[in-house]
Every structure is written in structure tokens, then in C-alpha cells.
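The model is shown first, and the text then starts from a single pair of residues.

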2 protein chains.
Amino acid sequence: MSLKLTILGCHSATPRVNAHPTAQYLEINNRHFLIDCGEGTQRQMRRYKVGFSKINHIFISHLHGDHFFGLIGLIATYGILNREKDLHVFGPKGIKKAIGLQLDVSQSHVRFPLHFHELSAKKSECVFEDEKVRVHTIPLNHRIYTNGYLFVEKEKPRKLNIEVISNYPEIETCDYNNIKAGRDFKLKDGTVLKNEVLTKSPSKLKKYAFCSDTAYKPSISEIIKDADLLYHESTFLSDKEALAKKTKHSTAKQAAIIAREAKVKTLILGHYSSRYPDINLFLEEAKTVFDNVILAEAGKEITA
Amino acid sequence: MSLKLTILGCHSATPRVNAHPTAQYLEINNRHFLIDCGEGTQRQMRRYKVGFSKINHIFISHLHGDHFFGLIGLIATYGILNREKDLHVFGPKGIKKAIGLQLDVSQSHVRFPLHFHELSAKKSECVFEDEKVRVHTIPLNHRIYTNGYLFVEKEKPRKLNIEVISNYPEIETCDYNNIKAGRDFKLKDGTVLKNEVLTKSPSKLKKYAFCSDTAYKPSISEIIKDADLLYHESTFLSDKEALAKKTKHSTAKQAAIIAREAKVKTLILGHYSSRYPDINLFLEEAKTVFDNVILAEAGKEITA
């Protein structure tokens with residue numbers, strides 16, 4: 001398992017007792033990311049015991065309060081906890097000034113390096129890349145400038161073929177990293193064991209696509225093609241399709257059509273409007289179009 | 001009962017699963033006030049079912065995050081709920097710009113009149129007054145400009161003396177307001193019933209003093225003299241008196257000395273540091289100096 005998503009909050013608009021605004025914790029290829037940060041996210045992180053201090057990169061989709069108002073508190077908390085590591089925040093233009101002013105007035109002088117990467121491009125771009133993961137924006141269509149994010153694993157090391165290796169006592173644990181890195185192994189008798197014998201292909205590279213908030217936008221299917229997991233907002237059911245269009249949100253059915261067109265493996269629904277007391281209705285509607293659907297719920301862990 | 005305080009949060013620094021930052025809901029003489037608004041306050045308001053829509057005045061002591069980061073979310077929620085009534089926010093200079101910028105970047109265009117009353121005086125001043133209540137600042141000594149607030153009932157109407165009134169069937173319910181307002185009543189036979197016969201003295205005027213955060217500051221005793229309830233921060237116990245002095249906080253014992261000197265009826269402790277796993281230690285320490293002490297705890301209702 002190299003992709004694990006923990007839902008911290010998945011409801012739209014105002015926080016309520018059991019309805020937390022959007023936030024997700026993503027572990028992918030040994031990287032740990034926070035996606036969106038509605039009010040109360042830091043409490044949810046503690047509640048579900050996600051790695052508070054492992055996060056070095058935060059991706060904010062847009063600056064509506066239910067995706068963003070918890071960020072200042074989280075950053076201030078990192079300051080109080082004497083964080084020293086760099087923290088990178090990706091989000092729409094304006095985020096730096098909004099957070100900076102609050103840090104100023106609250107005299108929360110964080111001592112760690114805090115980097116803002118302000119986004120304004122209208123086309124998908126790669127905004128983060130290291131040796132493990134690449135992150136691309138998914139430009140969405142909402143009432144305010146909004147990006148989803150596509151998280152893509154990069155090449156992984158080959159896996160040791162322990163069944164083969166165990167036949168050669170000469171190969172020691174300290175040799176494993178070289179073998180995983182692709183090297184052959186030369187035995188004392190001069191025999192060369194080829195790397196493709198000692199290793200197996202790495203597991204398939206994983207992709208996670210996060211899309212919230214957005215009106216139905218079929219063109220994103222190309223960007224998120226074949227994702228293992230797609231989180232797509234479904235604020236409304238089809239009974240409110242006109243309202244979805246007006247407020248630039250999606251219905252569960254529209255989210256499912258995107259999932260089908262993009263040929264993703266699993267669709268996760270969320271960002272439910274409070275007008276629906278039973279979120280199973282979202283599942284039922286989406287399943288009329290696409291089979292593999294999961295409902296986001298706070299605390300739920302989803303692996304791929 | 002004309003004074004009722006509901007504790008929404010009473011812990012210092014960072015929000016945790018069961019430790020909510022400062023916020024209080026005060027009902028006094030039929031007025032409803034919110035005092036401080038740490039992150040997650042709107043959720044606590046819903047959890048403890050305090051009158052969300054009754055609040056027209058919010059008093060912020062200072063702009064540290066644990067007293068203030070929930071304010072933007074609450075204001076945005078009032079906007080989403082289509083509030084129309086005026087909302088008044090009292091707090092240190094800078095609060096208007098910090099909230100205004102966040103409303104701008106989140107495009108949370110509230111349609112109700114939002115008034116900021118920015119404070120910068122170093123001496124106690126009356127910042128709010130209507131026919132029921134007066135509110136004065138209590139200048140405190142913290143690392144950042146900070147005021148406590150003193151809420152004082154103004155003259156109340158006299159109470160009907162129902163035992164006397166019930167002897168006169170001529171007096172109808174619709175006459176009660178006139179009588180409570182101080183008028184005599186003339187019977188049909190010409191007899192005049194004096195108001196002091198028909199009514200009893202109103203109950204004593206109540207006072208609530210809120211003091212958080214502050215270093216030990218004996219001079220506030222004059223301002224809060226004879227308060228019915230005093231909430232005074234006690235971030236530390238006496239074992240950390242030096243740290244309290246350095247960070248401009250108080251110990252439980254110091255809070256109790258203030259309560260004793262000011263001759264208040266009841267002291268409420270709060271703003272506990274997370275270093276103390278058992279908050280009963282605060283109660284024990286304060287009780288060595290002052291008898292009538294209550295521990296603030298989220299959801300606790302305190303009447304006077």
C-alpha cells in the first residue's frame with residue numbers, strides 16, 4: 001500500500017457538531033500532505049491521530065472559508081510547538097497576505113521557514129515535484145479561483161525478490177539497497193546475478209485526484225485519467241441540478257459521470273450539503289452511473 | 001436569575017480534542033454576548049445549544065489565536081445563514097483589517113451591517129451601554145494589548161407583588177407593564193394604590209468580570225469590586241510562578257488573591273496550560289486563598 005487517504009472533514013459550508021468542513025490527509029509514496037484546511041482541521045488531525053509533524057506541504061483548493069479558515073490556527077500551532085522544518089503552502093493568490101496579516105496581528109511570530117506558493121494559472125501545471133511524487137493542479141470551475149490537485153507517484157525502486165535472494169547466503173542485508181537501486185550482484189566465484197533476477201517490478205504507480213469545489217466540468221477527465229482514487233465533490237443530488245449549476249457545484253450523478261469518463265478505479269464523494277439528512281442518497285445516485293463509489297466520512301481511511 | 005454564563009472553551013494555546021480555546025456565552029439582563037472566539041467556537045455554540053442568533057455583540061479580549069481565530073468563521077457563517085441584524089465586534093485595534101481581509105479573499109460578502117469598535121485605551125472605559133447593561137473594559141497586562149470586560153446590569157424594573165395585586169381583580173395583565181414601570185393604580189372607586197405597595201424592589205444588580213489573559217495585576221481589583229462572578233485566567237500553578245510572570249499569565253493562587261481583594265462572590269478559573277493533566281489542582285491551589293471557586297469546563301453553565 002503506497003496511497004492512504006484519511007478524511008478529516010467532508011461537509012460543505014458551515015461547521016456543525018458532526019459535520020466538519022473539508023480537509024484530507026494524504027500519504028503517498030512516503031510523502032505526507034494536507035489538502036484543504038477548514039476550521040477545526042487541527043482538532044480533527046489530533047482526533048484521528050494523523051502525523052501532525054510529518055506534513056511539510058499543504059495544498060489549498062480555494063479561499064472559501066470551509067476550505068481555508070483552519071489554516072491560520074494550524075500554522076500558529078506549529079509555531080507554538082516550536083516547529084523548525086520548512087512548511088510549504090500552495091493556494092490561490094491572496095493566501096499569503098491573508099495568513100501573513102493574521103500572524104502579524106496575533107503576534108504569532110513563527111520561527112520556521114514558511115513558504116507560500118501562490119497560484120493563478122488557468123491551465124494545469126506541475127506545482128511540486130521531488131524524487132517520490134509530482135503534484136499537478138486541476139483547474140476547476142467554481143465561483144472563486146479554484147484548483148483541484150493530482151498527486152502522482154514517480155518511479156519507485158524495484159522490489160527485492162526474496163525467494164531468489166535467499167538462495168544466496170553471500171547476499172547480505174547491507175547489499176539490498178544497491179540491488180533495489182538496479183545493480184547486479186557478483187558472487188565470489190565470479191558469477192554475476194542479473195538485477196532482473198534478484199528483483200521484481202515495482203507495484204504500479206498510484207494517482208490520487210482531489211476535485212473540490214467545482215461545477216460539472218467534463219474536461220478534467222483528461223487530467224485525472226486512470227486515477228486510482230478520485231475525490232469529487234457532490235454537494236447536491238440531481239433534484240438540485242439547477243442549484244448546483246447556479247452555485248457552481250456538482251451533483252452525485254455528475255461526479256459519477258466524471259469518474260466513468262476518466263476511467264478511475266474508485267470514486268469518493270463528499271462536500272455534502274446540509275440539506276440532505278441521509279448521505280446514502282449520494283451513494284445511491286452515483287451508483288446508477290458508476291459502480292465503485294465510496295462516501296467520504298470523517299475518520300475514514302481509504303487505501304489504494 | 002439574570003446572569004448566566006456558558007463556558008464554550010477554557011484552555012490555553014492550541015485546540016485539542018477535548019481542550020477548546022477561550023469562548024464564553026453570557027446572558028445578562030436579557031442581553032446575549034459572546035466573549036472571545038477561539039477556533040471551533042461556532043461548533044461549541046451548536047454543541048451546547050446557545051442562542052446563535054441572539055448574539056449582537058462580541059467582545060474580544062486580545063488577538064492571540066486562542067481567543068480570536070474562530071471569529072472569521074463565525075462571521076462568515078452568519079453571512080451564509082443570511083443574517084440581517086447588525087453585529088458589533090469590540091476588540092483591539094487591528095481586528096477590523098484582519099477580519100476584513102479574510103472576508104475579502106474568501107469573497108464572503110456579508111450582507112448584514114458589521115461594526116467594529118476598535119479599542120486602544122489604556123484606562124478602563126465604557127464601550128457599550130443600552131437600557132439594560134453597561135460594559136467597561138478592564139485593561140490587563142499581557143504580551144499583547146489586552147482588555148478584560150466588566151458587564152454590569154443597569155437599573156431593573158421593580159417586580160410585581162403578585163400577592164397584593166391578586167387582591168384586586170380590577171388590575172389586569174395589561175396593566176402590569178405600567179406598574180412595573182413605577183406607576184400607581186387608580187381603582188374605579190377612586191382609591192389610589194401606591195406603586196410601592198404593588199411592587200417589590202428589583203433583585204440586586206449583577207456584575208460579571210471577565211479577565212483573560214493577564215499577568216497578576218492587583219490594580220484591577222478596584223474595577224471589578226464586588227462582582228458576582230469573576231472569571232480570571234490561571235494558566236499555571238504556583239510551581240510555575242516565574243514562567244507565569246515571564247509569559248504574562250497568572251497562577252491559580254494569584255487569581256484567588258485578586259478574587260479575595262475584589263471581594264467577588266465567586267471565582268471561576270480557566271485558561272489552563274496543557275502541562276497539567278488534572279485541572280483539580282487549580283481548584284485546590286485557589287481554595288487555599290479563597291473559598292468560593294469554580295473550575296471552568298466546556299459546557300458548564302454558571303448562574304448568579
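In strand S6 of chain A, A:His117 is the bridge partner of A:Phe90. The model is a predicted one, in which local features need pLDDT of at least 70, side-chain atom pairs count only at pLDDT 80 or more, and totals for chains, interfaces and linings use all residues. Residues are numbered from 1 along each chain as its sequence is written, while chains are lettered from A and ligands numbered from 1 in the order in which they are written.

**The sheet that contains S6**

Helices (H or I, at least four residues) and strands (E, at least two) are DSSP runs numbered from the N terminus, and two strands pair if DSSP finds at least two bridges between them. Strand S5 (residues 87–92) of chain A pairs with S6(A) in the parallel sense over six bridges. Both belong to an open sheet of seven strands in chain A, with the order S6-S5-S4-S3-S2-S1-S18 and mixed pairing. Strand S6 (114–119) and strand S18 (301–303) of chain A are at the edges with a single partner strand each, so one side of each has no neighbour in the sheet. On average, neighbouring strands of this sheet are turned by 20 degrees against each other, direction ignored.

Angles run from 0 to 180 degrees between N-to-C directions, and axes are lines fitted to C-alpha atoms, for helices over the stretch in contact. Two residues are in contact if their C-beta atoms, placed from the backbone, lie within 7 Å. On these terms H3(A) lies across S5 and S6 of chain A and runs at about 145 degrees to S6(A).

**Where the two chains meet**

In total, 32 residues of chain A are in contact with 32 residues of chain B. Classes are assigned with Ala, Val, Leu, Ile, Met, Phe, Trp, Tyr, Cys and Pro as nonpolar, Asp, Glu, Lys and Arg as charged, and the others, Gly among them, as polar. The side of chain A that touches chain B then has 13 nonpolar, 13 polar and six charged residues.

A rotation of 180 degrees with 0.1 Å of shift along its axis superposes chain A on chain B, with an RMSD of 0.1 Å, the copies being superposed by least squares on the C-alpha atoms of residues with pLDDT of at least 70 in both. That is the relation of a two-fold axis. Of the residues of chain A, A:Gly40 comes closest to the rotation axis, at 2.7 Å (C-alpha). The same surface serves both copies, as 100% of the contact residues of chain A recur in chain B.

| Helix pair | Angle | Axis distance |
|---|---|---|
| H3(A) and H3(B) | roughly 165 degrees | within 9 Å |
| H9(A) and H10(A) | about 45 degrees | 8 Å |

Angles under 35 degrees count as roughly parallel, over 145 as roughly antiparallel, 65 to 115 as roughly perpendicular and the rest as oblique. H3(A) and H3(B) are therefore roughly antiparallel to each other, whereas H9(A) and H10(A) are oblique. A crossing is left-handed if the near helix is turned anticlockwise from the far one by less than a right angle, and right-handed if clockwise; H3(A) passes H3(B) in a left-handed crossing, and that of H9(A) and H10(A) is right-handed. In the latter pair, A:Ala252, A:Lys253, A:Ala255 and A:Ala256 of H9(A) meet A:Phe282, A:Glu285 and A:Ala286 of H10(A).

**The other sheet of chain A**

Seven strands of chain A form an open sheet of mixed pairing in the order S7-S8-S9-S14-S15-S16-S17. Strand S15 (residues 229–233) and strand S16 (residues 266–270) of chain A pair in the parallel sense over five bridges, and A:Glu233 stands opposite A:Gly270 in S16(A). Helix H9 (residues 252–262) of chain A lies across S15, S16 and S17 of chain A, at about 150 degrees to S15(A).
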